[in-house]
Each structure stands twice: as C-alpha cells, then as structure tokens.
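Here is a friendly briefing to read alongside the model. Please keep the sequence and the 3D view open as you go through the points.

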Amino acid sequence: EIQVPTPEMPPVLKPEASKVDGLAFIGLSLARKSDVGHQGSQTHQTAFDLNDILDRNYEYFASTNDDGWLVGGGEPGPPRSYKLPAKDSAHVEIMRVGTFKPEWGGIAEKDIIAALGSGKILIPQITVLPTAVVANTDSPPEIEIRFDMPYGPNFSDKKAPLPANWQLRFIHNQLFKHFYNPSRFCPGAFHSTIVRKAEFRTQKHRQAYFEMCETVIKCVLDYACLSCNNALTPLLHLTA
C-alpha cells in the first residue's frame with residue numbers, strides 16, 4: 001500500500017471543518033508602482049519605496065522563486081527581468097479568511113464587505129513602521145519585512161503615546177472577535193513577504209544584505225512613519 005502524505009493544515013480555528021487551505025485574507029496593501037517593476041501595479045502608499053531593500057541586480061542573491069520580487073513594483077518580466085511578470089503584491093495579512101465558501105470553512109465575500117462597512121469594526125487611520133527584515137524558517141527561506149509592535153500600550157496612562165503599529169493589532173483583535181469561521185487564523189507576526197526561496201551567493205553576501213536592510217530600516221525609523229493612503233484595503237486572494 002502506497003502512503004500518500006497529507007498536507008498539514010495551518011493552525012486554523014477548526015481544522016476538521018476546513019476543507020482547503022485557501023489564501024483569502026483581510027489585509028493592508030503596501031503596493032507601489034515603480035519604473036523598475038510591473039507597469040500594471042497600483043500605488044497604495046508613497047511613504048516607503050520597498051526597492052530600497054531589494055536586490056534587483058542580484059549582488060547578494062544567487063536565486064529566488066520563479067515569482068521573483070513580490071514588492072517594490074513587482075516583476076516587469078522580460079526583457080527587464082527573467083522572472084514571471086507580476087504586479088506588486090506587497091501586503092500585510094491581518095486575518096486569514098481561507099476561502100469565500102462558508103461550506104469550506106471560509107466566509108462569503110459579501111459578508112466580509114458588510115462587516116467592514118457596518119461600523120462594528122473600528123478602523124483607524126493606519127500609520128505603520130517597518131521594524132526589521134528577516135528570513136523565515138523555510139528552507140530556502142522567504143525574506144520578510146516585519147511590522148512588529150515593540151511594546152504593549154500603557155493602560156494606566158491614557159495620555160501615553162501608543163506603540164508603533166498598534167493599529168494592526170487593534171484591527172486584528174476586532175476581526176478575531178467578530179469572525180468565527182473554521183478556517184480563520186493569523187499567519188505569524190505582521191509582515192510582508194519580499195521574495196520566496198531566497199538563496200544567497202555566500203554567507204558573507206547574506207550578512208551584507210541584512211546589514212544593508214538594517215541600515216535602511218534605521219533611516220526609516222529615524223525619519224517618519226509609513227502612512228497608507230487607503231487606510232484598510234481588503235486584499236482577498238484565492239488559491240487556484
């Protein structure tokens with residue numbers, strides 16, 4: 001008897017009621033059209049050019065996934081690049097929905113739109129700060145730009161400033177309280193994936209790349225917040 005491995009379901013609310021690991025989610029778009037990217041990309045923020053942390057000339061990277069650079073305008077395709085042409089898809093997932101099919105454990109698209117427009121979920125003006133560029137635990141890894149909340153709010157002092165990126169957690173908590181669909185979950189820390197299956201030329205090139213990113217992030221933190229023009233853009237993606 002041949003044993004066929006079963007893909008492991010992510011840590012959704014009710015795995016037994018989730019038929020498929022879909023990629024529909026509610027999130028924040030950080031897309032930005034660029035001269036060096038796909039010209040079909042749209043601009044949703046203008047405060048931070050994610051090309052500052054990319055390696056389009058492959059000085060540090062030896063190879064990446066066929067998708068190439070997911071942010072900074074995306075991949076233009078031949079003859080400017082020889083990855084699959086794709087629009088900028090920079091985003092931060094706030095809550096994974098799974099699918100638009102309730103019978104598969106997801107939520108109908110109309111129900112998501114109705115909930116976000118009902119006023120029951122409070123959506124403030126979102127100002128986010130990138131806090132780090134990291135490699136995740138995959139092998140080869142995905143490279144991610146993180147939007148961490150460095151500390152918790154000071155509940156004893158109402159005049160104390162709120163921590164950076166508090167809006168993401170604020171919206172996330174409300175979404176988790178409102179939606180109880182079986183496929184609901186949050187895929188780790190708030191981040192935007194930059195590139196997948198990243199292979200570096202050498203360990204020294206890897207170290208140099210992350211040092212470069214650290215310098216860029218420090219400049220951003222020292223200068224200003226990254227404000228998104230569209231306060232919350234629901235990005236609803238489905239697997240094929």
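A residue counts as buried when its relative accessible area is under 20%, as exposed when that area is over 50%, and as partly exposed in between. Please bear in mind that this is a predicted model.

**Q207 in its helix**
- Q207 has its place in helix α3, which covers residues 203-223.

**Strands β5, β6 and β7**
- Strand β5 (residues 132-135) pairs with strand β6 (residues 143-146) in the antiparallel sense, over 4 bridges.
- Within this pairing, I145 in β6 is the residue that stands opposite V133.
- Strand β6 also pairs with strand β7 (residues 191-195), again in the antiparallel sense and over 4 bridges.
- Here T193 in β7 is the bridge partner of E144.

**E142, in the loop between β5 and β6**
- The loop between β5 and β6 is where you will find E142.
- E142 has a relative accessibility of 16%, so it counts as buried under the 20% cut-off.
- The side chain of E142 makes a polar contact of 3.4 Å with the side chain of R196.
- Leaving out residues up to four places away in sequence, E142 touches V134, A135, N136, T193, V195 and R196.
- One of these contacts, T193, is also the bridge partner of E144.

**N65, in the loop between β2 and β3**
- N65 sits in the loop that runs between β2 (61-63) and β3 (91-98).
- The relative accessibility of N65 is 17%, so N65 counts as buried too, with the cut-off at 20%.
- Not counting residues up to four places away in sequence, N65 touches K83, R196 and K197.

**Cavities**
- Empty space can be found by rolling a probe the size of a water molecule over the atoms.
- There are 2 cavities of 30 Å³ or more in the structure.
- The largest cavity holds about 40 Å³ of space.
- Its lining is formed by M9, P10, V12, V20, D21, G22, R96, G98, S183 and F185.
- By class, the lining of the largest cavity is made up of 5 nonpolar, 3 polar and 2 charged residues.
- The second largest cavity has about 30 Å³ of volume.
- E93 and H191 are among the residues that line the second largest cavity, together with C186, P187, G188, A189 and F190.
- This second lining divides into 4 nonpolar, 2 polar and 1 charged residues.

**The second largest pocket**
- About 160 Å³ is the volume of the second largest pocket.
- The residues V36, R56, Y58, W69, E75, P76, R80, S81, Y82 and K83 line this pocket.
- Its lining comprises 5 nonpolar, 1 polar and 4 charged residues.

Technical notes
Residues are numbered from 1 along each chain as its sequence is written. This is a predicted model: local features need pLDDT of at least 70, side-chain atom pairs count only at pLDDT 80 or more; totals for chains, interfaces and linings use all residues. Side-chain values use heavy atoms; hydrogens and water are left out. On a 1 Å grid over the protein atoms alone, a cavity is a set of points where a 1.4 Å probe fits but cannot get out, and a pocket is an open set with protein on both sides within 12 Å along at least five of seven lines; lining residues have an atom within 4 Å of a point. Grid points are joined across faces, edges and corners, and a volume is the space filled by probe spheres set on the points. Ala, Val, Leu, Ile, Met, Phe, Trp, Tyr, Cys and Pro count as nonpolar, Asp, Glu, Lys and Arg as charged, and the others, Gly among them, as polar. Two strands pair if DSSP finds at least two bridges between them. Helices (H or I, at least four residues) and strands (E, at least two) are DSSP runs, numbered from the N terminus. Buried means under 20% relative accessible area, exposed over 50%, partly exposed in between (1.4 Å probe, protein chains only). A polar contact is a pair of N or O atoms within 3.5 Å; within protein, one must be able to donate a hydrogen and the other to accept it, and residues adjacent in sequence count only if both atoms are side-chain atoms. Contact means heavy atoms within 4.5 Å.
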